[in-house]
Amino acid sequence: MTEIFSLGVLVFLFIVQVVFVKRETVNLHIKGIRRWFSGVGVKKIALAGFLASFLFILFYYFFLVYRQYLAWRDGGGTTIYLVPPYQGAGYVLGYHFTRFAMYHLVSLMAALVFTGLMIFFNKKRDYRFFYDEEPYLAGLSIFLLGNKEWGYAWIYYLVVLFGLSVIGSLVISHWLKKSERFSLYWLWIPTAIGVILVQGLRI
């Protein structure tokens with residue numbers, strides 16, 4: 001379920017980038033929708049997506065815990081001794097924490113650290129490296145790639161992005177003979193989607 005949700009969030013955000021957004025200003029020509037998107041940049045949409053994703057995953061974790069509690073309580077046999085009043089709630093909470101929530105917690109911490117470093121160094125270099133919204137696109141992608149079914153896919157994601165950055169920079173500087181910076185702006189989300197699809201095929 002969370003796999004479909006994560007993929008859906010990323011696909012939606014990429015559609016917003018391509019169709020509705022031009023830098024920080026949304027350019028809509030669809031009557032009746034303009035007022036909802038007018039003036040809302042990718043940065044704000046990515047932040048909203050981050051918050052919505054966090055809340056959804058937190059809700060889903062407690063749903064798994066509650067479902068497990070009912071299964072053990074009503075399962076008969078010795079499983080009733082794994083839940084209150086025979087056992088503290090910490091056991092059933094920890095059961096799905098190590099099997100689900102822990103992976104997202106690790107990816108959340110990685111996302112916050114990576115986003116913070118991107119913002120810090122970008123600001124220190126007078127915003128030469130990234131557009132304002134890029135750290136949030138990267139952070140959301142890293143967080144959503146924390147699904148247990150994909151392992152630590154966010155690590156593969158960062159490796160792939162690093163490789164694309166090196167290749168792109170070499171093409172621009174050595175082949176095209178330009179001094180321009182290679183931007184990852186249009187690669188943050190598609191790369192995350194690509195990693196999800198590849199990991200899905202492996203499963």
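Which residues line the largest pocket? In this predicted model, whose residues are numbered from 1 along each chain as its sequence is written, local features need pLDDT of at least 70, side-chain atom pairs count only at pLDDT 80 or more, and totals for chains, interfaces and linings use all residues. Side-chain values use heavy atoms, with hydrogens and water left out.

The lining of the largest pocket consists of Phe114, Leu117, Met118, Phe121, Phe130, Leu158, Leu161, Phe162, Ser165, Leu184 and Trp188. Rolling a probe the size of a water molecule over the atoms shows where empty space is left. The space in the largest pocket comes to about 250 Å³, a volume being the space filled by probe spheres set on grid points that are joined across faces, edges and corners. By class, the lining holds 10 nonpolar residues, one polar residue and no charged residue. Here Ala, Val, Leu, Ile, Met, Phe, Trp, Tyr, Cys and Pro count as nonpolar, Asp, Glu, Lys and Arg as charged, and the others, Gly among them, as polar. Helix 4 (89-124) and helix 6 (153-175) each contribute at least two residues to this lining.

These helices belong to a protein with seven helices and two strands. Read from the N terminus, the order of elements is α-β-β-α-α-α-α-α-α. Helices (H or I, at least four residues) and strands (E, at least two) are DSSP runs, numbered from the N terminus. Of the 203 residues, 35% count as buried; buried means under 20% relative accessible area, exposed over 50%, and partly exposed in between, with a 1.4 Å probe and protein chains only.

The structure holds one salt bridge, a contact defined as a side-chain nitrogen of Lys or Arg within 4 Å of a carboxyl oxygen of Asp or Glu. Arg73 and Asp74 are the partners, with their closest N and O atoms 2.9 Å apart. Arg73 is partly exposed, at a relative accessible area of 38%, whereas Asp74 counts as exposed at 52%.

Several pairs separated in sequence can be located through their C-alpha atoms. Leu47 lies in helix 3 and is partly exposed, with a relative accessible area of 39%. Between Leu47 and Leu137 there are 90 residues in sequence and 8.5 Å in space, C-alpha to C-alpha. Leu137 is also 10.0 Å from Ala111 by C-alpha atoms, at a sequence separation of 26 residues. Ala111 belongs to helix 4 and is buried because its relative accessibility is 0%. Arg99, likewise in helix 4, counts as partly exposed at 36%; its C-alpha lies 7.3 Å from that of Lys148, 49 residues away in sequence.

The backbone of the loops also deserves attention. Most residues other than glycine have a negative phi, and most peptide bonds are trans. The peptide bond from Pro84 to Pro85, however, is cis, with omega near 5 degrees, and Pro85 is placed in the loop between helix 3 and helix 4. In the loop between helix 4 and helix 5 (134-144) stands Asp126, whose phi is positive, near 60 degrees. Asp126 is exposed, with a relative accessible area of 60%. Tyr127 lies in the loop between helix 4 and helix 5 and has a positive phi of about 60 degrees although it is not a glycine. Tyr127 counts as partly exposed because its relative accessibility is 46%.

Terms used:
1 Å grid on protein atoms, 1.4 Å probe; cavity = no way out; pocket = protein on both sides within 12 Å on 5 of 7 lines; lining within 4 Å.
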